[in-house]
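Colleague: I would like to learn how to read the packing and backbone features of a model. Could we go through them one at a time?

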Amino acid sequence: MADVQPLPGIRYSSDIVGDLAQVVTPPYDVISEEDQARYYARNPYNVIRLELGKEEPGDTSLNNRYTRAATLFGEWRINNILRQDPLPCYYLYQQIFNHDGQTYTRTSLLARVRLEPWSARVVLPHETTHSKAKDDRLKLLRACAANFSPIMSLYNDPQGRMRRLLAAYAANAQVQITDEVNEQHRLHPITDPTQSALILNFFSERQLYIADGHHRYETALNYREEIREQRRHIHEDDAVNFALMALIDVDDPGLLVLPTHRLLSGLSPEALSALSRQRLAQYFTVQELGTAAPGEVILRQLAQSGAERPSFVISTPEQNWLLSLNEQGERRMEQSGHSAAWNGLDVAVVHTLLLEALLGIRQEDVTAGKYVRYTRDAQEALQAVKTGEATHVQAALLLNATRVRQICDVALADDRMPQKSTYFYPKLITGLVMNPLW
């Protein structure tokens with residue numbers, strides 16, 4: 001099963017850069033242009049210059065954001081802005097954060113994990129990737145030969161063995177910082193040979209489930225194949241055979257998945273006619289919630305219904321409906337061509353029965369961003385419906401969060417979830433530990 005190894009991590013020298021919170025960022029795929037500019041201005045050594053450098057007028061194949069990242073990466077190592085730990089080690093990494101008035105602690109292990117093709121069934125995906133994102137990350141890997149941000153992956157630990165091992169390092173973590181959104185980050189190297197052997201042995205019996213970072217994992221596979229072709233042969237322990245991961249127990253109390261709601265616009269009057277009680281009852285048990293129901297009440301009823309069977313809420317200017325899958329809907333889902341695990345997902349039911357079957361929205365339309373937009377804020381979705389003329393939103397679909405076990409079940413079934421099915425909150429930080437691929 002999984003080969004999870006210690007790594008000779010590259011880290012910022014706090015005695016030179018000062019507060020490490022000033023040089024880290026979220027992952028590249030959630031950074032806007034405004035965020036990018038802010039991180040550039042924050043500190044001359046901010047990792048944004050490596051992870052997501054600016055494009056400049058006049059960029060060429062020899063001078064571009066990837067080559068500039070490689071140059072800086074080399075200069076920073078030479079000048080000890082970045083230093084490589086003397087010995088390979090694992091790292092405890094904890095995030096302490098708040099959501100909806102509750103405090104969570106999410107614990108992960110940073111390590112390098114041997115790359116395996118999906119077909120080996122050692123590292124399991126749950127979503128489909130797109131070529132544009134992979135092209136960008138591959139250019140960065142070619143230029144810098146390093147992982148600047150970890151892939152988030154999950155593992156099963158019913159006895160809590162790894163959580164107990166890692167907890168011993170958390171209280172006196174070597175690195176303790178608070179970032180710009182008031183989330184705390186703790187990092188501590190694990191160098192004890194006995195503990196390291198336990199970690200290696202623990203994961204050798206386990207599969208891993210990618211939670212966030214499918215594009216970076218596939219990019220790492222592609223990069224390894226390029227290096228193999230260039231060198232003709234690479235040793236099995238060569239660093240290019242591994243990728244940086246943050247490994248989290250599926251039962252970790254801080255592992256939080258948030259829902260992503262759908263906003264519908266641009267639908268024809270004919271399509272909108274499908275949002276009638278009679279048409280919806282074809283596949284769903286329909287419960288009216290009323291247009292005056294507070295958002296908190298709507299979400300509470302949605303959560304209660306979702307605990308029993310696939311459910312979601314449709315909000316239109318005329319009505320709020322709570323829909324739960326009925327027997328006819330179940331039979332229709334069984335014809336989807338997907339696994340039973342996939343058919344039981346709220347988001348799969350929404351895409352298959354509502355968007356495709358009733359509204360006639362094709363999968364390629366969804367992928368292209370036609371008719372469907374997304375928000376993680378349920379109150380924002382409901383408000384967008386009320387102000388539909390200004391926002392052009394005709395209806396909102398409110399979903400429950402996908403459960404972690406459902407994600408694993410879909411991955412075990414070798415299936416792929418619909419677009420925007422999961423949002424693991426918060427994102428892992430970029431810049432605390434980097435993984436060299438040489």
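**Helix pairs**

Modeller: Helices α6 and α7 meet in a left-handed crossing. Keep in mind throughout that this model is predicted.

Colleague: At what angle do α6 and α7 cross, and how far apart are the axes?

Modeller: As a general idea, a pair of packed helices is described by two quantities, the angle between the axes and the distance between them. Here, α6 (residues 161-170) and α7 (residues 193-203) have axes that come within 11 Å and cross at roughly 150°. Angles over 145 degrees count as roughly antiparallel, so α6 is roughly antiparallel to α7.

Colleague: Which residues make the contact between α6 and α7?

Modeller: From α6, R161, M162, L165 and Y169 take part, and from α7, Q195, L198, I199, F202 and F203. Sorted by class, the contact has seven nonpolar residues, one polar and one charged.

Colleague: Now another pair: at what angle do α4 and α5 pack?

Modeller: The angle between α4 (65-78) and α5 (residues 131-144) is about 35°, with the axes 8 Å apart. The handedness of this crossing is right-handed. On the α4 side the contact uses R65, Y66, A69, A70 and F73, and on the α5 side D136, K139, L140, A143 and C144. By class, the contact of α4 with α5 has seven nonpolar, no polar and three charged residues.

Colleague: And how do the axes of α11 and α16 cross?

Modeller: The axes of α11 (residues 295-306) and α16 (residues 378-386) cross at roughly 115° and come within 10 Å. α11 passes α16 in a right-handed sense. The residues that meet are G295, E296, I298 and L299 in α11 and A378, Q379 and L382 in α16. They divide into four nonpolar, two polar and one charged.

**Cores and burial**

Colleague: How many residues does the largest nonpolar core have?

Modeller: A core of this kind is a set of buried nonpolar residues joined through side-chain atoms. The largest has 82 residues, and Y12 and L154 have the most contacts inside it. Helix α14 (residues 346-358) supplies the largest share of this core, eight residues.

Colleague: What does Y12 touch beyond its sequence neighbours?

Modeller: Leaving out residues within four places in sequence, Y12 is in contact with V17, L20, V23, Y45, N46, V47, W76, I81, L82, G431 and M434. There is also a second, separate core of 30 residues, which includes V113, L208, A243 and L247.

Colleague: Why is α14 described as largely enclosed?

Modeller: Burial is judged by relative accessible area, with under 20% counting as buried. Eleven of the 13 residues of α14 are buried, so the rest of the structure largely encloses this helix. Among the buried ones are D346, H351 and T352, as well as V347, L353 and L358. Just after α14, G360 takes a positive phi of about 70°.

Colleague: Is Q406 buried or exposed?

Modeller: Q406 is in helix α18. Its relative accessibility is 15%, so Q406 counts as buried. Not counting residues up to four places away in sequence, Q406 touches G344 and L345.

Colleague: And what is the accessibility of Q176?

Modeller: Q176, in strand β9 (residues 175-178), counts as partly exposed because its relative accessibility is 48%. With residues up to four places away left out, Q176 touches A171, H185 and R186. The C-alpha atoms of Q176 and A70 are separated by 28 Å, and the two residues are 106 apart along the chain.

**Backbone exceptions**

Colleague: What is the phi of N80, and what is that of K420?

Modeller: N80 has a positive phi, near 65°, although N80 is not a glycine. N80 sits in the loop between α4 and β3 (82-84), and at 36% relative accessibility N80 counts as partly exposed. K420, also a residue other than glycine, has a positive phi near 55°. K420 is in the loop between α18 (404-412) and β20, and it counts as partly exposed at 40% relative accessibility.

Definitions and conventions:
Residues numbered from 1 in each chain as written. Predicted model: local features only at pLDDT ≥ 70, side-chain atom pairs only at ≥ 80, totals over all residues. Heavy atoms only, no water. Axes fitted to C-alpha atoms, helices over the stretch in contact; angles between N-to-C directions. Helix = DSSP H or I, 4+ residues; strand = E, 2+ residues; numbered from the N terminus. Parallel < 35°, antiparallel > 145°, perpendicular 65-115°, else oblique. Left-handed = near helix turned anticlockwise from the far one by under 90°. Contact = heavy atoms within 4.5 Å. Nonpolar A, V, L, I, M, F, W, Y, C, P; charged D, E, K, R; others polar. Core = buried A, V, L, I, M, F, W, Y, C linked by side-chain atoms within 4.5 Å. Buried < 20%, exposed > 50% of the residue type's maximum accessible area, 1.4 Å probe, protein only.
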